[in-house]
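This report describes how parts of one protein chain pack against each other and what lies on its surface. The structure comes first.

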Amino acid sequence: MTTLILALLAALGLCLVIAGVRLTGLVAAFCGGTLGWCLGGLIHANLIPEWSPAICATAASVACAALAALFVRPAVAVGFAVAGSIIGALVGGLLVERGIAPTAAPIDATETQIAPRDGANPAESVRAARSGLSVSMAAILGETKTGGSTAETLAGLAGTGSRIAELAKSRWALLPQPTQSFLAATTGAGAAIGLGLGALFARWALAGASSALGALLLLGCGVPLAESFFPSAPVPKAMAAWILLGAAITLAGWAFQMRRMQVKAESPSTA
């Protein structure tokens, strides 16, 4: 059963890479439903605690998927804004760590501990906030597999958004106030740039979003599927190799889809 699911998801990823523009409604609905499922945990924790997490997550997922499918272009623009905010936060953190940002003070090589929050070294604080973040995220996602029944699994998945939000708040609290302001500015700038690109270049954004999602499905499902059939096949080990491979697939699919749209637009219409 697992092999069949991986095969279907990998086939969907290939379709999205090759002809994702024609499946924009499906792409928008999938992204909206995923975002709504994550927001369901926050809704349960902050607005409707008397409801079960699964009900909140399901209602938010269905609502967001329907809105995304109805308003495809705004949904893609919002998706680009989310991606831009993540990129902006990563770039801002890298600037602080390298000492390029104005909030980054020189690092004392002999210092082994982090000072209190108000007087903490910005670069060290960013490293502390980032340290073990991927492990914590994997632990949160792994908690959804501990439930024995389907109801427990759904409840665990529904609460993923709220647990990730709590993790982000605890890591954010490690940063001094000037560094928080700088990272908030870079995150907002990235979100604004992503929103503008998604709104102004709608077709390009749709092709890019579908190609990126297809590349994610191909790498996440296709590679493990191929590895199960061909154990001796080489698989990338380094994170940089996975990122480069995903970027290559995304760019190839985006260029292929844009070329097809250009040829279709230039071809004379038949009477």
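What follows covers a helix pair, a salt bridge and a surface patch.

The model is predicted. Two packed helices are described by the angle between their axes and the distance between the axes. Here the pair is helix H4, residues 72-97, and helix H5, residues 122-130. Their axes come within 8 Å and cross at roughly 135°. H4 is therefore oblique to H5, since only angles over 145 degrees count as roughly antiparallel and those from 65 to 115 as roughly perpendicular.

| Helix | Residues in the contact |
|---|---|
| H4 | Gly93, Val96, Glu97 |
| H5 | Pro122, Ala123, Val126, Arg127, Arg130 |

By class, this contact of H4 with H5 has 4 nonpolar, 1 polar and 3 charged residues.

Two of the residues in the table, Glu97 and Arg127, also form a salt bridge. The closest N and O atoms of Arg127 and Glu97 are 3.5 Å apart. This pair links distant parts of the chain, with Arg127 in helix H5 and Glu97 in helix H4, 30 residues apart. In total, the structure holds 2 salt bridges.

Helix H4 also takes part in a surface feature. Which residues form the nonpolar patch on the surface? They are Val78, Val82, Ile86, Leu90 and Leu195, and their accessible area together is about 440 Å². H4 gives the patch its largest share, 4 residues. Val82 is one of the patch residues, and its place is in helix H4.

Technical notes: Residues are numbered from 1 along each chain as its sequence is written. This is a predicted model: local features need pLDDT of at least 70, side-chain atom pairs count only at pLDDT 80 or more; totals for chains, interfaces and linings use all residues. Side-chain values use heavy atoms; hydrogens and water are left out. Axes are lines fitted to C-alpha atoms, for helices over the stretch in contact, and angles run from 0 to 180 degrees between N-to-C directions. Helices (H or I, at least four residues) and strands (E, at least two) are DSSP runs, numbered from the N terminus. Angles under 35 degrees count as roughly parallel, over 145 as roughly antiparallel, 65 to 115 as roughly perpendicular and the rest as oblique. Contact means heavy atoms within 4.5 Å. Ala, Val, Leu, Ile, Met, Phe, Trp, Tyr, Cys and Pro count as nonpolar, Asp, Glu, Lys and Arg as charged, and the others, Gly among them, as polar. Patches are made of residues with over 30% relative accessible area and no salt bridge: like charges are joined within 9 Å, nonpolar side chains (Val, Leu, Ile, Met, Phe, Trp, Tyr) within 5 Å. Accessible areas come from the Shrake-Rupley method with a 1.4 Å probe; for residues, only the protein chains shown count as cover. A salt bridge is a side-chain nitrogen of Lys or Arg within 4 Å of a carboxyl oxygen of Asp or Glu.
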